[in-house]
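Visitor: I am new to this structure and would like a close look at one part of it. Could you walk me through the sheet and what surrounds it?

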Amino acid sequence: MLEQEDYGENGTIKITDYTKAFTIAKVVEETLELKPEAEEQHVILKEEKNIIDAPLGMTYETLNKLLNCSQTPKYHSITESSDVERTQSLNLVTDTSAPVATGDTVTVGTKIWTFSVRGDVDGDAQLTVNDIGVAKMHYIGVTALTGVYLEAIENDDLEGISVNDIGRLKLAFIKKIDDLYSDLVNEDE
Ligand SMILES: [Ca+2]
Ligand SMILES: [Ca+2]
């Protein structure tokens with residue numbers, strides 16, 4: 001804390017003690033918050049996991065409008081190289097009209113959040129038969145998904161991957177439900 005005597009006549013701070021000088025150094029805030037309207041658009045910030053949930057098809061542009069960041073956010077997407085080793089790298093997003101995919105990131109200063117797009121389990125920004133396949137492999141224990149990829153399957157109110165989560169992926173894929181946020185419908189309809 002600075003005491004009254006630390007201030008000079010015209011409000012300037014007299015640095016007599018360097019430990020005080022450090023405490024008044026401006027801390028660069030690196031914050032990301034969601035605007036109130038984000039929730040109704042199914043964008044959810046999972047603070048403790050550094051994950052942002054987004055719906056299928058949402059573009060970086062749209063997402064960007066729902067974020068309040070202390071600095072200009074930068075978006076990166078995973079692209080796979082065409083070389084034999086198929087290495088993956090994160091590249092700066094230049095086309096903001098493209099949809100966000102599971103595994104993409106947003107950076108504010110030095111802080112990074114990763115996107116999990118509900119239904120996009122394999123990270124290609126779409127819900128295809130492959131997503132259902134990857135989800136099933138996880139469910140039967142052949143592979144173990146983690147992080148944003150696991151989060152992308154979670155689409156009912158119960159925590160943990162159940163047959164219902166997989167079922168809802170299928171229903172959305174065959175368009176029996178409008179999207180992964182719809183209430184369950186009668187499959188016989
Ligand atoms: Ca996908
Ligand atoms: Ca679940």
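Guide: In this predicted model, six strands form an open sheet, and their order across it is S2-S3-S8-S7-S5-S6. The pairing in this sheet is mixed. At the edges stand strand S2 (44–46) and S6, and each has a single partner strand, so one side of each is left without a neighbour in the sheet. On average, neighbouring strands here are turned by 30° against each other, direction ignored. As background, strands of a sheet pair through backbone hydrogen bonds, either parallel or antiparallel.

Strand S6 (residues 88–92) is joined to S5 by five bridges, and the two run antiparallel. You can find one place where they face each other at His76, which stands opposite Leu92 in S6. Moving on, strand S5 (residues 74–80) is also joined to strand S7 (residues 105–108), this time by three bridges, and this pair runs antiparallel. Here, look for Tyr75, whose bridge partner in S7 is Val106.

Asp124 counts as partly exposed because it has 17 C-beta neighbours inside 10 Å, whereas a buried residue would need 20 or more. The C-alpha atoms of Asp124 and Thr79 are separated by 9.5 Å, although these residues are 45 apart along the chain.

In H5 (residues 163–173), the residues Arg168, Leu169 and Ala172 are buried. Seen down the axis of H5, its buried residues fall within an arc of 105°, so they line one face of the helix. H3 is included in what covers the buried residues of H5. After H5 comes Lys175, with a positive phi near 65°.

To place all this in the whole, the protein has five helices and eight strands. From the N terminus on, they run α-β-β-β-α-β-β-β-β-β-α-α-α. Of the 189 residues in the protein, 25% are buried. Among contacts with a separation of 6 or more, 55% are between residues 24 or more positions apart.

Definitions and conventions
Residues numbered from 1 in each chain as written. Chains lettered and ligands numbered in written order. Predicted model: local features only at pLDDT ≥ 70, side-chain atom pairs only at ≥ 80, totals over all residues. Buried ≥ 20, exposed ≤ 12 C-beta atoms within 10 Å, placed from the backbone. Helix = DSSP H or I, 4+ residues; strand = E, 2+ residues; numbered from the N terminus. Arc of directions from axis to C-beta. Contact = placed C-beta atoms within 7 Å. Pairing = 2+ DSSP bridges. Axes fitted to C-alpha atoms, helices over the stretch in contact; angles between N-to-C directions.
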